[in-house]
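Subject: Structure handover

Hello,

The structure is below, followed by notes on what was found in it. Please keep the two together.

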Amino acid sequence: MEKTSKIYIAGHTGMVGSAIFRKLNLEGYSNLILRTSKELDLINQQSVIDFFEEEKPEYVFLAAAKVGGIEANNTYRAQFLYENMMIQNNVIHQSYVHGVKKLLFLASSCIYPKLAPQPIKEAYLLTGELEFTNEPYSIAKIAGVKMCENYNRQYACDFISVMPTNLYGPNDNYDFETAHVLPALLRKFHEAKVEEANTVEARSEPVELWGTGTPMREFLHVDDLASACFHLMQTYHGNTSLNIGTGKDISIKELAELIKELVGYNGEIVWNKDKSDGTPRKLLDVSLIHGLGWKHRIELEDGIREVYKNKFINQYA
Ligand code: GDP
């Protein structure tokens, strides 16, 4: 990738796409092609054909996707399958048709089997049943990974894919119904703290969290993911979809305690066991990407503190 190369970031307004945009800017890449979903509907095949014909990008970061937390995945099952398949079919295929030099596709760690041995190695893909709540999303993403692999095999493309763990960072989704756990907890504890501060008895309703709190999750700051994608775009050619994570996980209960403390909320937590726990654990084995010269930089506590400050404190200052 040259500094002047024409680079299309699909999904540049989302959390991952905007982090890749910041990273490319920082590294001096300025010939970036961007389209909002209003300007270009990636689900529409003809629109994507026209776009590639007009712009002819040399490199593509495919970060556009329908994403969400456990409840969104389970509720909008048909949309998660259809929209993700359409977006990736259109972008990956047109990248091939229009001779894109290299493409990077964002998959996700939830596409591994529900009960995969831990930590999860890349080789465990398709070795067991998927978690029911996010099966449609996972099936779509597995298809995307396999498209990259098989376009490389049949057409000698250079399409790579990555499996990031649970992400957090700027431009995250804070809507309670559809958010992932980390942003949902930041907002829940923050709002409870504000409520505490506004009552004479300095009390609030308990904060309700989902499930049992026992599942384990690994969290990666999206700026670290962007640096991994940038690194791989320049150095990696291959069919293995690479794990990207920190190699460390914590329980949802521990995460809740950590966020409660950082936010400064003093009240109670209640666990709503009618809500699903999802996969018990999904810790990634990150030895392959470490071997390729990348390691995360932002530790969880520092990352959460920064996100909390920028999203909730500065905004209220
Ligand atoms: P997952 O990693 O695909 O399961 O997606 P999430 O990030 O949505 O959920 C991770 C875990 O956090 C699950 O066990 C949820 O039940 C749990 N959790 C606890 N409280 C919440 C909450 O308020 N929102 C979300 N999204 N998850 C929560």
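In which helix do Tyr151 and Tyr155 both lie, and how many residues apart? They lie in helix α5, four residues apart, about one turn of the helix; helices are DSSP runs of H or I with at least four residues, numbered from the N terminus.

The model is predicted: local features need pLDDT of at least 70 and side-chain atom pairs 80 or more, while totals for chains, interfaces and linings use all residues. Residues are numbered from 1 along each chain as its sequence is written, and side-chain values use heavy atoms, without hydrogens and water.

Aromatic rings

The structure holds 12 aromatic pairs (rings of Phe, Tyr and Trp, the last by its six-membered ring, with centres within 6.5 Å; planes under 30 degrees apart are stacked, over 60 edge-to-face, the rest tilted). The rings of Tyr96 and Tyr151 have centres 5.6 Å apart and planes at 80°, so this pair is edge-to-face. Tyr96 belongs to helix α4 (residues 77-97) and Tyr151 to helix α5 (residues 135-155), 55 residues apart in the chain. Tyr151 and Tyr155 are also an edge-to-face pair, at 5.2 Å and 75°. Together with Phe159, the residues Tyr96, Tyr151 and Tyr155 form one aromatic cluster.

Tyr151 is buried, with a relative accessible area of 14%, whereas Tyr155 is partly exposed at 32% (buried is under 20%, exposed over 50%, partly exposed in between, with a 1.4 Å probe and protein chains only).

Helix α7

10 of the 14 residues of α7 are buried, so the helix is largely enclosed by the rest of the structure. Among them are Phe230, Leu232 and Met233.

Regards

How values were computed:
Helix = DSSP H or I, 4+ residues; strand = E, 2+ residues; numbered from the N terminus.
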